[in-house]
Structure formats: structure tokens, C-alpha cells
Amino acid sequence: MKYLKILISLALTIGIFYALNTKFGSIPPIGKFLNPYSGVWQNETDESLSGEVLIKGLKDEVTVHYDKQIIPHAFAQNEEDLYLTQGYLTAKHRLWQMDFQTYAAAGRLSEILGEKALNYDRQERRRGMGYGADQAVKVMKENPETFKLVQAYANGVNAYIDQLTPESYPVEYKLLDYKPEPWSVDKTALLLMYMTKMLAGADSDMQYTNALRLFGKERFDMLFPDFFDITDPVIPKETDWSFIDVPQTPFPANQQIALDTIREVIDQPNPDNGSNNWAISKEKSATGNTILANDPHLGLNLPSIWFVMQLSTPNHKAFGATIPGALGIISGFNEHIAWGETNATRDVIDWYKIEFNEDRSKYKFDGEWKDVRIRVEHIKIKGKESYKDTVLYTHHGPVVYYKNFKSDMELAGYAMKWVGHMGGNNQRTFIDLNKAKNYDQYTEALQYWNAPAQNFVFASVEGDIALWIQGKLPNKWEGQGKFVMDGSVSENDWQGFIPQKYNAHSKNPERGFVSSANQHPVDENYPYFVFNDRYETYRNRVINNYFNSKEKISVEDFKALHNNNYNLKAAELMPHMLDNLDTSKLNEAEKEVYNQAKSWQFNNDINEVGPSIWREWWKAVYNLTWDEFDMEDSVMKSPFAYQTIHMLKNNGDNEFMDIVDTPEKETSKDLFQLSFSEAVTSLNNWKNENGDYNWYNYKATYAGHLLQALPAFSVFDIPIGGDRNIVNATSENHGPSWRMIVEMTSPPTALGIYPGGQSGNPGSKYYDNFIDEWAEGSYHELNFLQSNKATDKIIGSQILKPISNE
Amino acid sequence: MNKNILNFIATIIIAYILSLFMDWYSVMVASILTALLIPLKRVAVFFVPFLAIFVFWVIYSFILGSNNDFILGKRIAELLDLQGNIYLLLTITGLVGGIASGIAAIFGKQLSTLNKKT
């Protein structure tokens with residue numbers, strides 16, 4: 001009896017220990033998680049902004065001044081110390097985020113989240129994310145100067161990780177029950193791959209292949225023209241291209257397209273990823289100084305994708321937005337120049353159909369059999385055995401699709417050719433740009449940049465403005481890579497790259513400004529083949545019209561333009577649709593919405609109802625127009641907004657206007673009427689459930705925590721207008737993730753803000769403290785410190801000291 | 001001194017000392033130890049260490065949280081479906097520690113019977 005009691009109570013004790021120490025589904029191990037010594041209560045901490053810290057690997061003392069936004073201003077004696085400090089400080093404020101993003105990049109989420117992430121992980125590995133990072137590390141190793149600094153950054157991150165104890169791990173580690181792993185050069189390479197995927201990881205080759213097969217070439221070309229009837233390209237139309245006097249890649253004798261039926265494709269990055277940037281000349285500037293602005297449009301996440309810092313050595317001082325995990329200032333300025341980026345989409349992914357031999361050890365190429373290379377991916381899964389995925393590689397790249405992944409082809413597959421797999425010394429560009437003093441040094445820094453191709457805007461105190469479209473861009477024959485190509489013919493391979501000096505650029509153009517907003521890089525006159533790679537067609541025109549319409553431009557005008565809510569897309573279609581409605585057929589509810597729509601001036605301000613009506617109406621009319629694209633066995637991409645609107649207005653009786661499922665033959669006028677009724681119904685349904693459909697309520701912008709917008713760590717209902725295709729590109733969970741304006745006084749004076757906060761700790765008051773000001777269109781003055789001395793803007797200073805060698 | 005009070009105080013002190021080099025389950029070890037050293041009777045076996053750790057954890061957590069205006073506590077209370085109520089979160093924190101200690105103390109009490117002749 002006695003022993004039984006002991007056994008029972010022992011079992012109970014072990015049981016309660018197990019229950020409180022184990023993660024069940026999404027519920028954290030509750031004893032570990034809630035206890036006051038090592039659980040989340042320990043994360044209820046303020047930032048430590050003063051005192052001295054000993055850091056292994058530093059050569060000299062580094063001073064870090066924090067201003068009231070807790071932007072660190074680091075003053076190091078040499079570059080190695082500077083990047084070690086950047087690594088240390090970034091980890092101090094954003095460790096979990098930077099670590100987690102590299103897991104996501106590498107396809108390692110199953111290690112943290114368990115089996116539910118396995119499909120994602122397999123996809124990322126088959127996309128060649130790890131392979132691409134390996135290639136980048138190889139190139140970095142060939143460049144010891146870069147490698148040394150990237151290694152110093154890793155040492156800095158690890159110096160911080162070494163200071164941590166389980167109680168001081170960021171809260172997300174406790175929630176998911178794992179611990180930080182050491183940083184490395186490979187992790188920086190993975191982070192850069194993550195950005196490359198985000199910005200140059202999309203393509204529509206398979207969708208286009210399906211469309212070509214279903215509709216034929218003539219109709220395909222009408223739906224997806226290489227250039228629209230209007231283009232206002234990044235590099236102005238009047239640019240003289242006569243300096244490009246080399247022959248173009250010849251058109252192949254027998255190019256063959258694989259006209260397959262393709263059912264599904266791997267995940268694509270958010271199509272809204274894009275940005276605005278611009279700079280105005282001294283002549284156009286109200287103050288006589290050049291002025292530059294940048295606002296990258298990315299997912300609105302917490303912790304924010306950006307971390308703002310000043311990085312200084314005795315030889316340079318750079319200030320601006322960094323990306324946790326990467327070295328240097330990415331969008332910012334130094335004493336002499338300012339720079340910023342927008343995405344220069346270009347078709348840098350092509351797909352090749354591969355024909356295997358009977359055991360898939362070889363593939364056909366130019367009439368011979370070439371060896372397949374194998375890369376085995378070991379995917380660790382939390383609480384389970386590892387999963388082994390064998391990925392076959394050809395000289396094109398990884399065979400992403402064949403019978404064991406998103407395809408049922410036994411002896412064939414699709415191989416991916418991607419500039420992201422080619423490695424590169426991309427990090428060098430930012431290290432050099434941070435120190436560059438003039439236009440020439442800016443262009444020298446750019447030559448190392450391979451991917452993702454960017455529109456690098458530039459302005460200098462000297463008075464130059466410029467914009468280079470920089471990336472490693474395949475020199476394609478006319479039409480190459482729009483569709484899945486036959487991978488067994490060498491003529492279909494990329495024949496080379498556009499020489500860097502022939503990348504499109506513009507310096508001090510006559511019009512007095514440079515700008516880019518993800519539109520067409522060039523017009524038809526550029527000698528190299530460029531086709532419509534999802535180019536934006538609205539923001540660029542609003543921006544360029546704004547500059548063209550004003551003689552002189554000031555910083556205030558820049559702010560106004562960042563926050564400009566004019567919906568050009570709606571303005572180009574909605575009046576036409578309203579004029580073509582037969583109002584006698586409208587019911588009471590429809591009449592009310594009709595009158596609301598009529599009075600809208602096309603500004604997507606938060607108190608307007610017009611934007612909500614437009615959103616529903618556009619969605620309905622777009623879907624009705626392209627019902628032909630709704631296929632079960634083929635993955636499809638319906639045409640772009642610009643071409644859709646063009647056809648609705650000018651080609652209203654085109655066969656595509658017909659709704660396939662009805663016996664009648666519809667025209668665009670019928671679609672307007674039908675879609676309006678649909679839109680009114682869904683708006684009123686929405687209203688019944690959620691209340692007034694003004695744009696603020698209806699759009700409900702939010703900044704979501706990186707763990708699938710975990711509500712407790714996210715911010716909802718942010719009062720900001722705008723939308724996609726608007727200069728203020730804020731949609732539900734996407735938009736201007738960093739807004740910067742730099743006037744090139746000497747030293748430069750700058751404004752900046754982003755929707756987040758400097759701290760990555762959800763328990764910090766600095767976690768989301770910028771969001772309200774960002775939403776109302778305000779900026780922070782960026783305190784560009786000219787010396788190591790603290791000014792009255794500084795609220796705390798910390799000294800990082802080397803650990804002396806005994 | 002009343003054994004109950006003695007056990008109560010000893011549990012907190014031992015739990016505190018053990019927490020310096022052990023994770024959260026140190027409270028379980030502490031109550032096993034006090035159950036052996038200062039044996040109690042009937043319901044007190046469970047409730048005295050339960051209350052001791054409940055009070056200890058709630059007060060400790062409250063101090064940590066109040067130094068930071070419970071910014072994180074409110075978020076965690078939302079995460080755990082407690083409508084952002086930090087008092088509920090504190091109560092649950094106390095219950096978690098308390099129940100673990102109480103159960104461990106029952107085991108300690110049973111162990112202590114091994115020494116006695118029956």
C-alpha cells in the first residue's frame with residue numbers, strides 16, 4: 001500500500017512536470033513559459049542603452065550613442081570593428097527576426113514549427129535557396145576583403161548570442177521552445193537569397209505557356225504585349241542609346257517551346273513588392289540642393305524589415321536603413337551622397353523542359369546524354385525523423401518539378417535557370433556605397449551587384465543626380481524565356497549577359513529629375529530584349545506628372561508625394577464605367593452606391609467610401625472579364641490591369657468580354673452593369689457584418705508579426721489611406737516599409753520613418769512606436785552625428801570594449 | 001513556530017535558492033525537500049507549498065511586469081486567450097507553479113513515510 005502511494009504520487013509528479021515542460025501544438029510549454037525566472041516575465045525589460053560591454057574580437061573601443069528613437073549611432077575606429085558592432089547591435093535588438101528569416105530562407109522551418117512546414121521547406125530547397133547561398137559564399141571567399149567584414153559581422157552577432165542565457169532569449173524562442181544558433185557568413189548569404197527571392201523570384205513562364213497553348217500566339221500577344229500603348233519608363237524615352245554598338249544575340253534557328261499543360265507552380269513572392277524612389281536636380285530644387293527620396297514597398301511586418309543605424313569610422317559616416325542580417329546601410333546617405341533602391345524587375349528566371357534517361361541519371365542535351373548531379377536535402381523536423389529530398393541538378397539549375405514534386409512526369413521535369421543561383425559579391429556594393437563620395441565611386445560600387453536587380457537612385461552634395469538599373473541581366477534573343485523552353489538544345493540556353501556598362505542608366509537628365517516606381521525600365525528603343533515583366537503602370541505616371549507640373553520642388557513636396565493617395569487606375573476606368581451604366585435598371589441600394597461613387601474624386605483617403613466601391617467593382621469586373629482564365633487543370637495568369645482597362649474601354653466587344661457560362665454574348669457594357677450589382681451586394685454584405693465601409697474600416701491596414709501575424713504581437717486597424725498602384729502604396733498588409741527624404745546640404749539633412757520600431761521585443765515600448773506617426777504621414781528628423789560626441793539628442797551612450805588579451 | 005508557517009517560508013527560501021541554478025522545476029524539488037524536512041498533515045501537505053509558490057511566483061512576476069508597465073504581459077495575456085487581462089495571467093502563473101509544487105510535495109510526503117516503521 002505504502003509503495004503504491006509512492007508510485008502514484010511519483011507518477012503524478014512526473015506527469016505534471018511533463019505537462020508543464022512540453023509544447024502541445026501551438027501552446028508553449030507552460031511551466032517553462034510562465035515561470036518568473038526564465039519565462040516570459042523576464043522579457044518585460046526596457047532597453048539597455050548605457051554602460052560598458054566587453055566584446056570579444058573588437059580591436060578598439062567603439063562608442064554607441066542612442067537617440068530617443070533608440071537609433072544607434074556607432075563610432076568605430078576601423079571597418080572590421082564597425083561591422084562587428086553592426087552585427088552585435090542588430091542582434092541585440094533583432095536577434096530572433098534575423099535568425100528566423102534565415103531558417104525561412106534555407107527551408108528549415110520544419111526544425112522549429114514541425115511537420116506542417118515540410119512542404120514549404122521542400123519547395124524552398126527545390127528552388128535552390130541553399131544552393132544559391134552556397135554559390136554566394138564561394139564568391140565571397142574569393143574576395144577576402146568582403147569575406148573578412150562579413151565574418152566580423154557574424155562575430156558581432158555571436159558575441160551577443162554568447163551573452164544570452166535562457167532567461168534572456170527573445171520571447172519568440174520561448175514561445176516556440178527552441179534556442180538561437182550561431183550566426184555565420186552562410187546565414188548572411190541566405191538572408192541575401194531571401195531578398196533575392198522576394199524581389200527577383202517571380203516569373204510567369206508556366207502560366208504564359210498555358211495561355212499560349214490555349215489561346216494561340218496572336219491572342220496571347222494582344223493580352224500580354226511587350227509594351228503598353230503608354231510607357232513612361234525609368235530611363236527617359238529621349239535617352240540616346242547609340243553608345244550600345246554591339247551586335248545582339250541572334251534569334252535561334254529552331255527555338256522550340258514546350259507547350260505543356262502545367263497544373264501548379266511553386267509559391268510566388270507577393271506581386272506588390274516594389275518601391276518608389278526619385279531625386280531632383282539642383283536647378284529643380286527650391287533650395288538649390290539636390291534632394292532624394294526612397295520608399296520600399298514590402299510586407300508590413302513586426303519586427304519591421306528595416307533597422308535604422310548610423311555607422312561611422314574616421315573615414316566615413318553612413319546613416320539609414322539596414323536589413324538585419326546584411327552589412328551596411330541599404331537605403332541611406334553619408335556626408336557626400338545619398339542612395340536608395342526600387343526593384344528593377346526583369347525576367348531573370350527561365351524554365352527548361354528536361355528529358356531524362358530511364359533511371360534519371362542523365363538528361364538529353366544537344367543529342368547527347370549529360371550527367372545529372374544530385375543534391376540531397378536533409379530536412380530536420382521537430383519531433384520527427386528527418387526527411388530526405390533528392391534534388392536533381394542540370395547545367396541549367398535544379399529540376400524543381402518532376403514526378404515527386406508538383407508534377408506527374410516520370411522521365412521529364414522542369415529545370416530552373418535563375419540568376420539567384422549564380423552567386424556574386426553583392427555585399428561589396430553596399431560596403432563600398434556606404435563610403436562612396438561621388439558619382440564615379442557610386443558607379444564603381446554598383447558593378448558588384450548581381451541580384452536582385454535594382455534601380456539605384458543617387459544624389460550628391462556636389463550636385464549630381466543619377467539612376468542606374470543594376471543587376472546581372474541575361475542578354476536574351478528576342479522573345480527568349482517568355483515560355484518554358486526545350487532544355488535539350490543549347491541555342492535555348494542564356495547566351496551571355498548584358499555588359500554592365502550597357503545597363504540602362506541616366507545621369508543629370510534635362511528634365512531635372514530621375515525616378516522609378518517599378519515601371520518599364522526602358523522603352524522599345526533600348527537595344528536589348530526587354531518584355532513586360534509585371535511592370536507597374538500607375539505610380540510612375542503620378543510621380544512624373546507631379547515633377548513635370550512643378551517648376552521648383554521642396555522637401556514639403558516630397559512629403560506630399562510620399563503620402564499622395566491619388567488613384568490613377570480608378571480615375572482611368574471608373575468614370576467610363578459609371579457613364580456606361582444603365583441607371584434605370586438600378587435598384588434602391590445600387591442607386592445609393594452609384595451616387596456615392598459619382599461624387600468620389602479618386603483619392604484613397606481613409607474617410608472616403610469611393611475606394612471601397614472601386615475595390616469591389618474592379619475585382620468583380622476583372623473576374624468577369626477574364627473568366628476564360630479560370631481553369632481547372634492549368635495554372636493561369638490573367639492579364640495586367642493596364643491592358644484590361646485598355647480593352648474594357650477601347651475593345652468592348654472583344655470575344656474575351658463574353659461570359660463563357662452564359663448563352664448570351666456579353667460586351668464590356670454588360671460586364672459593367674453585372675459587376676456593379678455584384679459589387680453593391682458584396683459591399684452591403686460587408687456592411688451588415690462589419691459596419692460602415694469607409695476606406696479605413698474596409699482596408700483595415702495591419703502590421704503583422706512574422707509568425708503568421710500572431711494577433712497578440714501585431715498591430716491592427718492602422719489609420720492610413722492609399723492602396724496598391726498608388727504612390728502611397730499601403731494596402732492591407734503591404735506598403736511603404738521605410739520612407740526617407742534626404743536633402744543634400746553639407747552635411748545632408750534627412751527625414752525617415754518606418755511602420756514599426758527599433759526593438760524586436762514585443763515587450764518593449766520601442767516595438768511599434770513609429771506606427772502612428774508613419775500612418776499620419778510624419779517623419780523623424782534623422783540626427784546625423786558629425787562626431788563621436790553626444791549631442792542633446794542623445795539619451796544614452798554605451799561603450800563597447802575589446803576583451804584585452806591578458 | 002507552527003509547522004505550516006515554517007514549511008511555507010522554507011519552501012519559498014529553498015525554491016528561491018534552487019532557482020539560481022535550476023530551471024522552473026526547482027519549485028518541485030524545493031517542495032519535495034520541505035515535505036521531507038518539515039512534514040505536514042492532510043490537506044496542508046498540498047496546500048501549504050501550493051500557496052507558498054503561488055504567492056512567490058505572483059509577487060515575483062508582478063514586480064518584473066510592473067517595472068515595464070506590463071507591456072509584454074498584456075500581449076501574452078492576449079496570446080493565451082485571457083483577453084489581455086494581466087491579473088488572470090498572474091493568477092495562472094501562480095497556479096502553474098503552485099500546482100506543480102503541491103503535487104511534488106505529496107510525493108515528498110509519501111517518500112518520507114519510507115523512513116517510518118509501519
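Two residues are in contact here if their C-beta atoms, placed from the backbone, lie within 7 Å. The model is predicted: local features need pLDDT of at least 70 and side-chain atom pairs count only at pLDDT 80 or more, while totals for chains, interfaces and linings use all residues. Residues are numbered from 1 along each chain as its sequence is written, and chains are lettered from A and ligands numbered from 1 in the order in which they are written.

**View 1. Surroundings of B:Ser26 in chain B.** B:Ser26 is found in helix α2 of chain B, residues 26–37. Helices (H or I, at least four residues) and strands (E, at least two) are DSSP runs, numbered from the N terminus. Apart from neighbours within four places in sequence, B:Ser26 is in contact with B:Ala15, B:Leu18 and B:Ser19. The C-alpha atom of B:Ser26 is separated by 8.4 Å from that of B:Tyr16, 10 residues apart along the chain. Is B:Ser26 buried or exposed? B:Ser26 counts as buried because it has 20 C-beta neighbours inside 10 Å. The cut-offs are 20 or more other C-beta atoms within 10 Å of the residue's own for buried, 12 or fewer for exposed, and in between for partly exposed, with C-beta atoms placed from the backbone.

View 2. An unreviewed UniProt entry places the feature "transmembrane region" at residues 6–36, 43–66 and 86–107 of chain B. UniProt positions are given in the numbering used here, feature names are shortened, and annotations may be inferred rather than shown by experiment. In the model, residues 43–66 of chain B are 96% helix and 0% strand, with the end C-alpha atoms 33 Å apart. Residues 86–107 of chain B are 100% helix and 0% strand, and there the end C-alpha atoms are 32 Å apart.

**View 3. Chain A as a whole.** Chain A has 21 helices and 29 strands. Its radius of gyration is 28 Å, close to the 28 Å that the globule rule gives for 806 residues, so chain A is as compact as a globular protein of that length. The radius is taken over C-alpha atoms, and the rule is 2.2 Å times the number of residues to the power 0.38. The C-alpha atoms of chain A fill a box of roughly 80 × 80 × 65 Å along the principal axes. Of the 806 residues in chain A, 50% are buried. Among contacts in chain A with a separation of 6 or more, 72% are between residues 24 or more positions apart.

**View 4. Where chain A touches chain B.** Here 34 residues of chain A are in contact with 33 residues of chain B. On the chain A side, the elements giving two or more residues are α1 (2–21) and α2 (30–34) of chain A. Which element gives the most to this side? It is α1(A), with 10 residues. The chain A side divides into 17 nonpolar, 11 polar and 6 charged residues. Ala, Val, Leu, Ile, Met, Phe, Trp, Tyr, Cys and Pro count as nonpolar, Asp, Glu, Lys and Arg as charged, and the others, Gly among them, as polar.

**View 5. The two domains of chain A.** Domain 1 (35–241 + 274–355 + 418–564 + 747–771 + 787–806) and domain 2 (568–701) divide chain A, with bounds from an automatic or database domain assignment. Their C-alpha centres lie 36 Å apart. The contact takes 15 residues from domain 1 of chain A and 10 residues from domain 2 of chain A. On the domain 1 side, α10 (205–223) and α13 (539–549) of chain A each give two or more residues, and the largest share, 6 residues, comes from α10(A). That side divides into 9 nonpolar, 4 polar and 2 charged residues.

**View 6. Strand β5 of chain A and its partners.** Strand β5 (residues 291–299) of chain A is mostly covered, with 8 of its 9 residues buried. Two strands pair if DSSP finds at least two bridges between them. Strand β4 (residues 274–280) of chain A pairs with β5(A) in the antiparallel sense over 7 bridges, and A:Trp278 has A:Ala293 as bridge partner. Strand β26 (residues 739–743) of chain A is antiparallel to β5(A) over 4 bridges; here A:Ala293 is partnered by A:Ile741. Strand β25 (residues 734–736) of chain A also pairs with β5(A) in the antiparallel sense, over 3 bridges, and A:Gly299 stands opposite A:His734.
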